[in-house]
Amino acid sequence: MGAGLVSEEQQRGPDLFVPSALTESFWDDRGALHVVALGMRWEVGTEVPEGSGNSQVSLVAPGFVRLVGGDSPCSGSVEVHDRDQWKAVCHSHFGAKAAEVVCRELQCGTALSVHGAAQLGEGAGPVWDRELQCVGNESTILFCPWGAPNNKACTHSNGTHVTCTQYTGFRLVNGSTACEGRVEVEVMGSWGTLCASRWDLSDAHVLCRHLGCGFAESIPGGGHFGRGTGPVWRDSFHCDGTEAHLGQCPVTALGASPCSQENAAAVICSGPAHHMSVRLVVGGSRCDGCVEVFQHGTWGRVLDEQWDMQEASVVCRQLQCGEAEAAYTPVRAERGRGPVGLRGVRCAGHEADLSLCNTSLPQSMPAEGIMEDVGVVCRGSRRVRLVDGAGRCAGRVEIYYQGRWGTVCDDAWDLADAAVVCHQLGCGGAVEAAGSARFGEGSGQIWLDGVNCSGAEAALWDCPAEAWGQHDCRHKEDAGVICSEFMALRLENSDGCSGRLQVFYNGTWGSVCSNSMTTETVSLVCKELGCGNGGGLETDSNYAKLSGTTWLDHVECGKRNSSFWQCPSAPWHPQSCDDRREETNITCNEREKIRTVGGKDGCSGRVEIWHRGAWGTLCDNAWDMRDAEVACRQLGCGPAVYALGQAAAGEGTGPMWLMECRGTELSLQDCWAQPGDSGACQHKADAAVHCSDPPRGRLTTSSERLSVPVVICIILGALLCLLLALLAGQVRSARARRRGSGRAGEPFPEAVYEEIAYSLAWEKQARFSLSEHLFSLPPPSLSFQMSLSCPEVTQQMAMMMLGRFLTLGRILSLGRGTGKCPGHQRKEMGARMQSQLHVVGGSMRDGEPVDMVQHCRTATGNGLSPGYTRSFCGLTESGKEEVDTVEVK
């Protein structure tokens, strides 16, 4: 829009700003106006013939703004295109009005949240230094005014994260009031009825609060408020009750069964706030927190000096939150600062609501104590959740009780207990009852121990168990659950970004059929897996009968879907198709997300991640075994053996990331991360990993694989048997020698320990060596010097073997000695020396591997009693003679 070109929209509406940076404009042969601005060429409407009566010009500005690094195309960090570069926008330069414009321009509905961001995805490129000053009704961010360069420091650590929602409206219809009726949802401008298949009280509470209608009293079904018209949305909201908006709740539609207008969601809310309405704030649910009362059109705090269970019971009853469990005075940080609604309340405990209590205490009445804010915990505040899993239906079990989250001990934890949790969360049945902190150790209180459910209970706390807080467990015994509704997505190939499309459902991986597959579906799959913004769909042209599970067919993602799990499809079925030609294979644009460089194979080396078109490395600050476990899991290389730093596999190039994982994530992209600081993180501090690299196979649950403790027990049992056999043989030899000499004595005289030297030369070598041989060398060796009798030498070496295995996962070869055991030698004048040599490990010298040889020299003589020796052992380089001075006393 050059000089003199103004649209009717600008003439009619509020003042809209057109950038002054327009430098060139021209009409093409099709009658379209092209404008060059901000380093980009825009097509601005079309030229309309005179007399047509339509002179409005529309501005199409594709690609000027985008959201990156989010969970979906409609969430992420804001970037704008300026002078042929994508630049991050500072949180201080961006407001809620600008977020509304961004969501509208990207066809993502309305803005749900705007906050600062410093996570993987915010990038390491340039930062925009101007402030957007949107009114909020602009059709594109290009119409928003922007100010001069801002003096505030702006980096990627304080960028802007926006989350949009496709749900642009909610309402209740066909009810007697505005706070009851059939639930209708507006999706990208289209109103439809919400299906009731997964609708529950938690979802209803969120909707009532969002509409200013209090809380949900009931959710009637069976078409209670009549039939609707228009589409029926099969979207299932999974709220925990604390969200401010249904759009903040997790949503799924994949695999949902067809739904009719007779099965519409409905709710009856308590209604708008009225005189002496009560609410609880600053708690973990709507049924616990500080008490506030509605008077004279505003909410006010309740102060009291003798607040007890009688008053708390009335509040819980009024809120329909069950029995009162506690009445308390909040800590200073939770006390309110707003107006005071009531000073002093006296209840008998049986009143239906607080207005029936004595609330008219005179202001002049002397108080017996200090008036303070008051709080309540009701039974209805109890909640259960699954955390640190890969989805809402898998993870560590935590219970919210008495205002605090705590864990559950795995003593007697089984599928019946897990089934109650899954049913309570709306996650179907139980696939696995996990123990031993499978999803990481929790913190704080351990609430339940010895849980013994039948499986029919409505809530976990209804099951028989020890009293609340009574246990003999530690957090390493935290219980976990995997439910049948837990879903995951993968492309079955080593790089994770190409191959057969599969979903995990009901405890099993299954294929996805390609019927009705669209480019939007392919795009969402690649985005969901962090493999770029799109890809290609491939099918097999040869007929063959499919074996195994095929979970889904007719997955039809559209422009309104921001997540693969929100796409409509045919219902879940284990045999959705049986022809190999219908199987879906996808190759995404960005195929690799993680790789190792500089190691001996794809399971060891410097860790590099692919992000926004470039490979980058990880800083070794805080890099530990938990991070390495996630990297090895994502690589498909089994458990981690080493987490290495200081560019142990060589220095990389490109951007650096600082990352911290809990150890339970499926990929490094799920971990907390931020761009590495150039001062603290340089490529000489690149992180590396060494994985165990087991044979690749399908993912299994812990019940399908032999656990590590079982393997260790088997090995320990075998070593113990070997040790007992060796000791028995030495006992027999000693007894025979004693009978032959006619002398009495102890068969195994006590050993005299002279010196035990422990050194981890490997650690020093690993710290300072940058050799490429790092990943091909055997684990470190230990050297000992001690004086032992022959049986004790045998026992000590066996214990060395055991310790070596447990510590490094590998048994040393002890070799074979050429001499006889000193206990079998005759007593002679002078001392005789014998040596044993064997290779015990590797070391590094001048960047090259060096074989180390263990020398063991034993001495016997007049100065020693029968069966006594002195043994001197140490490590030297292969081919070098070691000289020991032996003194026989």
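1. Let's start with E432: this residue is buried, with a relative accessible area of 4%. Keep in mind as you read that the model is predicted. E432 belongs to strand β28, which covers residues 430–434.

2. Now for salt bridges. How many does the structure hold? There are 27 of them. Take E305 and R346, whose closest N and O atoms are 3.0 Å apart. E305 sits in the loop between β20 and α4 (309–318), while R346 sits in the loop between β22 (340–343) and β23 (372–373), so this pair ties together parts 41 residues apart in sequence. E305 counts as buried at 19% relative accessibility, because the cut-off for buried is under 20%. R346, at 26%, counts as partly exposed.

3. Next, have a look at R385 and E398, whose side chains meet in a salt bridge of 2.8 Å, N to O. R385 is in strand β25 (residues 383–391) and E398 in strand β26 (residues 394–401), so the pair ties together parts that are 13 residues apart in sequence. R385 is partly exposed, with a relative accessible area of 30%, whereas E398 is buried at 7%. Both belong to a network of salt bridges that also links D388, R396, R662 and E665.

4. One more pair: K545 and D578 form a salt bridge, with 3.7 Å between the closest N and O atoms. Here distant parts of the chain are linked, as K545 lies in the loop between β34 (535–538) and β35 (550–552), and D578 in the loop between β35 and β36 (585–588), 33 residues away. K545 is exposed at 57% relative accessibility, and D578 is partly exposed at 39%.

5. Time for some backbone angles. Most residues other than glycine have a negative phi. Which way does H296 go, positive or negative? Its phi is positive, near 55 degrees. H296 lies in the loop between β19 (288–295) and β20 (298–304), and it is exposed, with a relative accessible area of 76%. A412 also has a positive phi, about 65 degrees, without being a glycine. You'll find A412 in the loop between β27 (404–408) and α5 (415–424), where it counts as exposed at 56%.

6. Finally, check helix α2 (residues 96–105), where A98, A99, V101, V102, C103 and E105 are buried. After α2 comes Q107, with a positive phi near 60 degrees.

Conventions:
Residues numbered from 1 in each chain as written. Predicted model: local features only at pLDDT ≥ 70, side-chain atom pairs only at ≥ 80, totals over all residues. Heavy atoms only, no water. Helix = DSSP H or I, 4+ residues; strand = E, 2+ residues; numbered from the N terminus. Buried < 20%, exposed > 50% of the residue type's maximum accessible area, 1.4 Å probe, protein only. Salt bridge = Lys/Arg side-chain N within 4 Å of Asp/Glu carboxyl O.
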